[in-house]
Amino acid sequence: MKKTLYSTAFLFAASLLGTSCNSSGTKATTTISKDSSNKKWWKEAVVYQIYPRSFKDSDGDGIGDLKGIISKLDYIKSLGVDAVWLNPIYSSPNDDNGYDVSDYQNIMEDFGTMEDFDALLKGMHERNIKLVMDIVVNHSSDEHEWFKQSRSSKTNPYRNYYHWWDAERGKPNYRYSLFDVNHDAWKYDSASNAYYLHYFSQKQPDLNWENPKLRQEIYSMMRFWADKGVDGFRLDAFGFAAKDTSFPAFPKGFEKNFMQYYAMGPHLHDYLKEMNQEVFSKYNVMTVAEGTGNTMEDAHGMVDEDRKELNMAYPFEWVDIARPEGYSILHLKQVFTKWDSAFADKGWMAVFLANHDQARMVSRFGNDKPAFRELSSKMLNTFILSMRGTPYCYLGDELGMSNAYFSAIEDYNDVATLNEYEHQKQTGGDLKKFMQHVAFTSRDNGRTPFQWDSAVHAGFTTGKPWLKTNPNYTMINAAAQEKEANSCLNYFRKMVKLRKDNPALVYGKYTLLDKDNPAVYAYTREHEGRKFLVLLNFTAKDANVKTGVDISKGKVLINNYGATVVSEILKPYEAVVIEL
Ligand code: GLC
């Protein structure tokens, strides 16, 4: 067990958060008619994800903030995106950078005030950009008033807001914690001689969703934000909210179906339906869950329209493919194709290759060596923006920002990385190997400050940045790319526009071509009489593709080499979209 979970922790528990949706559990529902005619703004939207801490600092404290985002709203608008998913901005002691909320209806001091938030929302709406809030309710911070009350005594009215196990009953059955130094999700609390559960860090106690009072508090908090006019919610780690609270011992081999045991409990759909009724149904909001459970059926259960739960979810299976030792393009194609076909007739998914929980997209799926970084970034953005599903683009990926590859533990900030380092140290692990591993995988790779220009600290802050800036900012930055017609940034804008102008790229049927080609990912998207061919060379060498169509007759709509005529021999990391 240790071994599986060890690597899981490194890759930010990818399998834990939904990758374990392996083919074994897949049973795509095909009985209900296609809902692609069922057009929705959230299917057509391109979502841009902002990790506020890393985007733009307005006051020189080294931490990105809301005023910083406000100052960059025209930049965001210029990308052509429709919505912004903002990572948590609520009051928090920042054990996990805002994913440990101490007050759900207040703004984190580092980020600003509620007035700043209102101004941000207004500024976004004036520009026709929607705002999706991150809702972190599998757990709160241990500094939330609910938890302070809860831990104070066994009879406190908030006791049942969390999961407690009285020590008189002995030690509870082992539960793994993602971010705990000892990997132990039960923390003994002497105040009431009991253990509390924390799937994440000790400062992130799990909330007890079986308590209807807690649920109503959460819905009312969500209505507070919806009443302010926010346009959507992303549910953080929500699969974990529903668990077997009798906390039985797990049978041997349970790791293979981790989510089945740790999450996706029998009440999950009751909670989501109730949340839908109490909140979503009353507003025009989009909803997206992190993770899809253990099987395709789990995923369908959350997002199919007739379920009246959520609009979409994002699967983790594909982000898990890229490993430090490389990955198989055939595997990548197989996984994306599997997900597309499972949702071809019913339901909807998010499409992404990176977020704040992943190292940089180009470093993992592309090639961040100088010769290929730009080309492969463009190729990957072509991919995300031409697939079926709502694309989520992570800040900096429009510039081709790459991994920082920190070598000293002192350079890291992420609780997952730091606590696992401590764990390795305490258990005699190979620290050199660990450091090599996190240099590639740590979430901090994706969190280094946004590279605005070539000024000190990349124009992110006038102070000392909370996380070191990637030194390549002098070369890779937005200001330089603004000036260059063929930069990553301008290519990204063109690609977003191409998607927005062509509903086939949103709704069109996806067909994989040249399935066994180990280098090229080729597919068509077809909708209402229009057909687009996408060719993507995922390698650093020339590669042949057999599409079975005469591509010379097609019209090249975008190409990352700037070519207007292409052949079936693709250059390294070449990407092209052709209308046939
Ligand atoms: C989600 C977030 C991640 C956070 C964790 C605990 O996976 O995306 O950043 O650490 O939940 O809230």
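**View 1. A salt bridge links domain 1 and domain 3 of this predicted model.** Across the interface of domain 1 and domain 3 the rule finds one salt bridge, meaning a side-chain nitrogen of Lys or Arg within 4 Å of a carboxyl oxygen of Asp or Glu. Zoom in on glutamate 528 and lysine 39 for a salt bridge whose closest N and O atoms are 4.0 Å apart.

A quick note on the model: it's predicted, so local features need pLDDT of at least 70 and side-chain atom pairs pLDDT 80 or more, while totals for chains, interfaces and linings use all residues. Residues are numbered from 1 along each chain as its sequence is written, and side-chain values use heavy atoms, with hydrogens and water left out.

View 2. The chain splits into domain 1 (8-15 + 33-140 + 213-494), domain 2 (145-197) and domain 3 (506-579), with bounds from an automatic or database domain assignment. Taken over C-alpha atoms, the centres of domain 1 and domain 3 are 28 Å apart. Still, 32 residues of domain 1 are in contact with 33 residues of domain 3, contact being heavy atoms within 4.5 Å. Together the two domains bury about 2,600 Å², with 68% coming from carbon and sulfur atoms; buried area is the accessible area (1.4 Å probe) that two parts lose on being put together, summed over both. On the domain 1 side, Ile329, Lys333 and Met379 lose the most, together 24% of what that side buries.

**View 3. Here's what surrounds the ligand.** Count 15 residues around the ligand, the closest being Asp96, His139, Asp236, Glu290 and Asp357; a residue qualifies with a heavy atom within 4 Å. The shell has five nonpolar, three polar and seven charged residues.

How values were computed: Nonpolar A, V, L, I, M, F, W, Y, C, P; charged D, E, K, R; others polar.
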